[in-house]
Amino acid sequence: MLEDQLEYYRSREAQMEQLIQEYNELIRRQFDLYDQFVRDIGTSKIIDPYTRVYSADHISKLIAYYHQRAFEENRSYGLILVRLVEKDENFEANLLALAKLLKNTVRVPMDSIGRLSEDTFAVLLTEINKENTRKVVERMKSFIDQQLAIPVKISFRCYPEDASNLEEMMREMYAEVS
């Protein structure tokens with residue numbers, strides 16, 4: 001009987017050691033991700049040289065980091081994709097004007113804007129609910145129509161109301177603006 005209990009406790013100890021190793025690996029990966037995220041702060045790598053908003057790499061890391069924080073701290077956030085539709089002779093000027101307008105539409109420094117691709121921007125709205133995100137999107141559309149009069153496609157989602165999986169959320173939004 002004592003030997004059975006001893007064997008039971010040894011197996012429990014092995015399980016606990018396994019859990020500790022898994023936890024340590026998880027924590028190490030989180031520190032590595034954070035190090036990768038902050039490594040480029042203060043360098044030109046985080047800014048898109050043409051539009052002067054965050055680069056695709058940095059805004060993607062920032063969104064992933066904030067998504068994790070929102071999950072851990074039970075916070076909500078909004079994510080908006082804005083795509084410039086026409087690639088005509090005014091494309092570069094329109095791209096610059098759109099980037100400037102987006103920067104003037106959000107709450108700096110709480111919110112962030114980055115250029116995800118050649119013609120698409122991402123806007124991360126922190127600590128905001130779906131109703132207020134919708135109002136920001138409507139304000140953006142209004143400003144774009146009034147000040148720029150350029151064709152754009154806009155898609156938005158709110159965490160956690162619309163989705164809990166970031167990759168799924170981004171995939172759906174990309175499909176809507178394509």
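Let's start with glutamate 127, which is partly exposed, with a relative accessible area of 48%. Keep in mind that we are looking at a predicted model. Which residue does the side chain of glutamate 127 meet in a salt bridge? The partner is arginine 75, at 3.3 Å from N to O. This pair links distant parts of the chain: glutamate 127 sits in the loop between E3 and H4, and arginine 75 in the loop between H2 and E1, 52 residues apart. Arginine 75 is partly exposed too, at a relative accessible area of 31%.

Now a second pair. Arginine 107 and aspartate 111 join their side chains in a salt bridge, 2.8 Å from N to O. Are these two buried or exposed, or in between? Arginine 107 is partly exposed, with 32% relative accessible area, whereas aspartate 111 is buried, with 6%. As for networks, salt bridges that share partners connect Arg69, Glu73, Arg75 and Glu127 into one.

Aspartate 57 forms a salt bridge with lysine 61, and their closest N and O atoms are 3.4 Å apart. Both residues belong to helix H2, residues 56-73, and they lie 4 residues apart, about one turn of the helix. Aspartate 57 counts as partly exposed at 44% relative accessibility, and lysine 61 is partly exposed at 23%. Over the whole structure, a search finds 14 salt bridges.

Let's finish with helix H3. It runs over residues 91-105, which is 15 residues, and spans 21 Å from its first C-alpha to its last, close to the 21 Å expected at 1.5 Å a residue. Which residues of H3 are buried? They are Phe91, Asn94, Leu95, Leu98, Ala99, Leu101, Leu102 and Thr105. Looking down the axis of H3, you would see the buried residues fall within an arc of 165°, so they line one face of the helix. On the other side of H3, Glu92, Lys100 and Asn104 are exposed.

And what covers that buried set? The cover includes strands E1 (77-84), E2 (112-115), E3 (120-126) and E4 (152-159), together with helix H4 (130-148).

Conventions: Residues are numbered from 1 along each chain as its sequence is written. This is a predicted model: local features need pLDDT of at least 70, side-chain atom pairs count only at pLDDT 80 or more; totals for chains, interfaces and linings use all residues. Side-chain values use heavy atoms; hydrogens and water are left out. Helices (H or I, at least four residues) and strands (E, at least two) are DSSP runs, numbered from the N terminus. The expected span of a helix is 1.5 Å times one less than its number of residues. Buried means under 20% relative accessible area, exposed over 50%, partly exposed in between (1.4 Å probe, protein chains only). The arc is that of the directions from the helix axis to the C-beta atoms. Contact means heavy atoms within 4.5 Å. A salt bridge is a side-chain nitrogen of Lys or Arg within 4 Å of a carboxyl oxygen of Asp or Glu.
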